[in-house]
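Visitor: I am new to this structure. Please take one part and walk me through it closely.

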Amino acid sequence: MKKESITLNGIPAAPGITIGKAYMVDSEEINVAKCRIKQEDIPKEITRFKVALLRTKKEILAIKEKISKEMGVEHGEIFSAHLLVLEDIMLIDEVIVRLKKEKVCVEAVFLDVIKKYISAFLKIDDEYLRERISDISDVGKRILKNLTGAKKSTLSGLTRPVVVVAYDLSPSDTATMHKKNVIGFVTDIGGRTSHTAIMAKSLEIPAVVGLEEITRKTKNGDTLIVDGIRGVVIVNPDKATVRKYEAEKKRFQSFEKDLAPLKGLPSETKDGHKVVLSANIELPEEIPSLKHHGAEGIGLYRTEYFYMNRADLPSEEVQYRSYKFVAEKTKPHFTIIRTLDLGGDKFLSHLEMPREMNPYLGWRAIRFCLARPSIFKNQLRAILRASAYGKLKIMYPMISGLEELKQANSILEEARQDLRKNKIPFDEKMEVGAMIEVPSAALTSDILANEVDFFSIGTNDLIQYALAVDRVNEKIAYLYEPAHPAVLRLIKSVIDNGHSKGIWVGMCGEMAGVPSLALILLGLGLDEFSTSPIVLPEIKRVIRSVTLDEAKKIAHKALTLSTGREVQEYVDSKLKELVPEFAIRVK
Ligand code: PEP
Ligand code: MG
């Protein structure tokens, strides 16, 4: 039977077009080893089982509440059936009785019991009861995950190229994903600057996020077209559509190929005004791609990924070795290492961090580091030590005012003193910068500029805070406008304040990688554009197609417009006029 074709619109997260088979992240089997236990371990195993049941119950109740609120009570009721499975006394008793008798770990017993239940239900000649199999299997998987601590997905173990389909992917999921076998990914939730989207770009995998119901509309093995340029996903396309997208894919690839020769050319305007083009990276493994895309260094090394995917905090020594590697590899160019930016949508499983109502406004980034000075100082010492081997700079995330900045600097000074005392070499002149990503910092940037050597504007957060728009919420993604006059005014004042105090100003938010907006940023006087390596050639192409004066005029005109949409339309038309081949990148 011919499968129905469905088109879904989401948010483009990483450019490119891909056609492939769907791989549903949550439909994976969980493997369980049958390990023996001792008689005295039985009570511990029973407690583990009970804790897993409780955790699962909490998870299901939360999902039920969310679905009932968003889709109606009748949809939420589906999860009542899940709760019934969870409270099935016969099932629970059977696990405990067998556990005591067979003396094997509880996950192995539980898996066996669940399988037995499923095969018994399969034999029942009653459609309603047979439908309960999926409930039992769903709940069973949840309990097993809670028992084994299994990560939601095993994306590192894929053996064939697939398009990953998920409700969401955690940063650690994307960090462990093997690029070779993931040719695209699509998610229900997330916005343009969610970390899932940022990772997609850094891995150079076409991606669309915020599709809302892709996991409900797709099954394992369905054919998917992912258009990461326009944010469209087509499930089970017909042959004509596949042909159309194959042609589109070729066009995009040749557009990218045409940009490749730019990598050896300077990033300067037609009249010779130079700007620095550097890259944002999450993992040191990305360094080889910098050269390939013509980056002059690293404008943002997000160190938190280094803290993820491990059972404990990385020691100073482990960090030092990694930062030293990065410093040596990027020499003679600079690398800006951003200190730990946890919180928001980045968490560590092994660090006790309280659940917060507003995590983006909560105990995150520099706030967390100042409250945990030993963790912070460990990282600072590691960076300082590595600075002896290359051109490192350091910057603090989420600075919101002068006191925070001074506090961070004084802990940095303590770290320097430690090293001096112990005669450990480091770069005494290493530049220190502040990320400007909180409106209060942007508005007081004239004051903050006295304490640092540079600013790097973090528009991903600056936009969400200035416009009060959660950067990962797809429902309000239409309000997340980098071209909003409020955002442009903030950026202008940061650049002007920085320059009047004699410091340089860069940008490491995703906005720096949007070709049309690069025209404005250039005109406002931005000194450095740091963005995902994959879009750097496009930004260079834009910079090389105008004079500084032309860019200034564009920025000036943009600042007179009243809405984000007007600004965006204006710069889109300017971009098409100046660089006609960019029509493919402008919606
Ligand atoms: C930003 O906020 O713009 C930024 C670069 O930091 P992150 O995306 O890691 O929050
Ligand atoms: Mg940020």
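In which handedness of crossing does H20 pass H21?

Guide: The crossing is right-handed, as H20 passes H21. Keep in mind that this is a predicted model.

Start with the geometry of the pair. In general, two packed helices are described by the angle between their axes and the distance between the axes. For H20 and H21 the angle is about 35 degrees. Their axes lie 10 Å apart.

Now look at the residues that touch. From helix H20 come Leu488, Ile491, Lys492 and Ile495. They meet Ile520, Leu521 and Leu524 of H21. Sort the residues of this contact by type: 6 are nonpolar, 1 is charged and none is polar.

Stay with H21. This helix spans residues 515–524. It is mostly covered, with 10 of its 10 residues buried. Follow the chain through the helix. Pro515, Ser516, Leu517, Ala518 and Leu519 are among the buried residues.

What does the covering? Helix H20 (485–500) is one of the elements over the buried residues of H21. Other helices contribute too: H22 (536–543), H23 (548–558) and H24 (564–578). Strands take part as well, including S15 (504–507) and S16 (528–531).

Next, step off the end of the helix. Just after H21 comes Gly525. Gly525 takes a positive phi of about 100 degrees.

Glu437 is buried, because its relative accessible area is 2%, under the 20% cut-off. Asp461 is buried too, also with a relative accessible area of 2%.

Return to the helix pair to finish. H20 and H21 pack at about 35 degrees, and the crossing is right-handed. Their contact holds 6 nonpolar residues and 1 charged residue. Around H21, the cover includes both helices and strands, and 10 of its 10 residues are buried.

Technical notes
Residues are numbered from 1 along each chain as its sequence is written. Chains are lettered from A and ligands numbered from 1 in the order in which they are written. This is a predicted model: local features need pLDDT of at least 70, side-chain atom pairs count only at pLDDT 80 or more; totals for chains, interfaces and linings use all residues. Side-chain values use heavy atoms; hydrogens and water are left out. Buried means under 20% relative accessible area, exposed over 50%, partly exposed in between (1.4 Å probe, protein chains only). Helices (H or I, at least four residues) and strands (E, at least two) are DSSP runs, numbered from the N terminus. Contact means heavy atoms within 4.5 Å. Axes are lines fitted to C-alpha atoms, for helices over the stretch in contact, and angles run from 0 to 180 degrees between N-to-C directions. A crossing is left-handed if the near helix is turned anticlockwise from the far one by less than a right angle, and right-handed if clockwise. Ala, Val, Leu, Ile, Met, Phe, Trp, Tyr, Cys and Pro count as nonpolar, Asp, Glu, Lys and Arg as charged, and the others, Gly among them, as polar.
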